[in-house]
Amino acid sequence: MGRVVWFSNGVKVNRGSSFSSSKRTPPNPEETIAAISTPFGESGIGIVRISGSSAEPIARKLFKPKKDQSYFISHHFHYGEIIDNQSGNPVDEVLIVLMKSPKTYTREDIVEIHCHGGYFILQKVLELVLKEGARMAQPGEFTKRAFLNGRIDLTQAEAVIDLIRAKTQTSLEIANQQLRGWLYKEMAQLKAQTIEHLGLIEAHIDFPEEEIEPIAFGELKGDLERMIHQVEEWIASYEEGRIFREGISCAIVGKTNVGKSSLLNVLLKEERAIVTPIPGTTRDVIEEVLNIYGIPVRLMDTAGLRKPADSIEQEGVRRAKERVADSDFVLLMLDGSRELDADDLEIFGEIRGKKRAVIINKKDLPLRISLEEVKSRFKDDPIVLISALKNEGIDGLKKMIYTSLVHKEVRATPEHLIVANIRHKTALTQVRDNLSNATKALEEGISLEFIAFEIRAALEALGELVGETTTEEVLNRIFEQFCIGK
Ligand SMILES: Nc1nc2c(ncn2[C@@H]2O[C@H](COP(=O)(O)OP(=O)(O)OP(=O)(O)O)[C@@H](O)[C@H]2O)c(=O)[nH]1
Ligand SMILES: [Mg+2]
């Protein structure tokens, strides 16, 4: 194993084991890119960002400092104006910051012009920057440059977009885990172990007659099995990771008047949906995002399912059924103050095969529903009693939704590495399969060449995961998801 070094992003890796970005062609810094990095619309501040070797010369042409100072000290703000050189008129009063390479987001020279956040101002400043020779940046191109210039690996680049999109504390923490290089570090360690084994096997293939240490097959097999076990744990974490990263859709379904809209309101803590004692109140699907212990849940209140009284209700019922079919999770709501009837039974059919939980509402009223019957019909599903009207049992319901999805008790921070991206899971599955094939070949005494072939394939998959050998097509697909200016 190599010497331990600290990367500037705080990731500790073994030098011998780190992935190299040398195979990637770094971007041409002569090609200076620019974009508006803040959202469109009116705001206090809007930022035009420039990256590349012309960033500083362009800024010098357009920026007039207020004070006659030896301006552009790297990583310092400077106060002045952006001037339209053609008319000689000031465009905006700005703060400008030059960050000299390499300690920058892209590792190239970066200039940020902090303007007033008006759509026209920002467009105008960008236009002037482009006129001076920069070209418009593509979506995610700043982050892509950070990756191509070797400042971050591909998983860290992907974490940037997850960070921006994070909807809850937990999804933010998972993105941060990845941005700090946790996944990268683990992959680098796995790679180092794999290379070590491959080296030994290849030495035996190349120099079978030489006096080299004989392969301890038992030990090698044990090592490979430990690695497979670890990779399998990461693969298994994906389901949890996906739920936190992407969230889930959840439909509340039940016959009319059971209290579906009341539940939506009590969960949202606002009177979002109309609640009346008239059966068939909700027609359209009402959708809101809720944070359930860190899981972004897209909650849908739907029309009560029964034989529709008119064509509007008929459409409502059709939409409700459609959402139930599409949703990741279903909350079946029953009215505890009434006996199960034909409408309930019909709904049971609608939710067959769905991941689901049962809510018995109106527990403040005398219980008329047969709990025994509900339990026998939903043996494998969690059942909770609540009162949406009195706001009782709601915390228990939220915990139940969490545990049904994550299969764990509610906890604050994920304490182990969580793989939340399907691309990472796919690569890890490949690694696992290759290592398993190698182990099997060892057991069966198949040639060392075959074992080496499988281990090399595992290394290839690891290289793809961190972006060392990823194809241009995959890279483009990743960075296309970014916004312009990031
Ligand atoms: N006693 C009692 N009444 C409730 C409870 N939850 C809802 N209700 C009442 O039940 C009636 C129907 O509530 P809604 O929330 O509109 O029911 P829904 O399932 O959305 O009905 P539809 O939209 O018609 O399908 C209203 O009068 C609510 O106040 C509860 O926990 N206890
Ligand atoms: Mg309703």
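Of the 486 residues that make up the protein chain, 39% count as buried, a residue being called buried if 20 or more other C-beta atoms, placed from the backbone, lie within 10 Å of its own, exposed if 12 or fewer do, and partly exposed in between. The model is a predicted one, in which local features need pLDDT of at least 70 and side-chain atom pairs count only at pLDDT 80 or more, while totals for chains, interfaces and linings use all residues. Residues are numbered from 1 along each chain as its sequence is written, and chains are lettered from A and ligands numbered from 1 in the order in which they are written.

Taken as a whole, the protein chain has 16 helices and 15 strands, where helices (H or I, at least four residues) and strands (E, at least two) are DSSP runs numbered from the N terminus. Its radius of gyration, taken over C-alpha atoms, is 29 Å, whereas a compact globule of 486 residues would have one near 23 Å, by the rule of 2.2 Å times the number of residues to the power 0.38. Along the principal axes, the C-alpha atoms fill a box of roughly 80 × 80 × 35 Å. Of the contacts between residues at least 6 apart in sequence, 68% join residues at least 24 apart, a contact meaning that the C-beta atoms of two residues, placed from the backbone, lie within 7 Å.

One part of the chain forms an open sheet of 7 strands with mixed pairing, in the order β5-β6-β7-β8-β4-β3-β9, and two strands are said to pair if DSSP finds at least two bridges between them. Because β5 (63-65) and β9 (135-136) stand at the edges with a single partner strand each, one side of each is left without a neighbour in the sheet. Within this sheet, β7 (residues 89-99) and β8 (residues 110-117) run antiparallel and are joined by 5 bridges, with isoleucine 96 having isoleucine 113 in β8 as its bridge partner. Helix α2 (residues 119-131) packs on the sheet, touching among others β3 (33-36), β4 (43-51) and β6 (76-84), and its direction makes about 15° with that of β4, axes being lines fitted to C-alpha atoms, for helices over the stretch in contact, and angles running from 0 to 180 degrees between N-to-C directions.

Strand β10 (residues 248-253) pairs with β13 in the parallel sense over 4 bridges, and alanine 251 has valine 330 in β13 as its bridge partner. Strand β13 (residues 329-335) is largely enclosed by the rest of the structure, because 6 of its 7 residues are buried.

Strand β13 also pairs with β14 in the parallel sense, over 6 bridges, and here leucine 332 stands opposite valine 358 in β14. Valine 358, found in strand β14 (residues 356-361), counts as buried because it has 22 C-beta neighbours inside 10 Å. Leaving aside neighbours within four places in sequence, valine 358 is in contact with Leu332, Leu334, Val374, Phe378, Asp381 and Ile383.

Ligand 1 is surrounded by 24 residues, the closest being Gly259, Ser261, Thr282, Gly304 and Leu389, where a residue is near a molecule or strand if its C-beta atom, placed from the backbone, lies within 6 Å of it. Helix α9 (residues 260-268) gives the most to this shell, with 3 residues.
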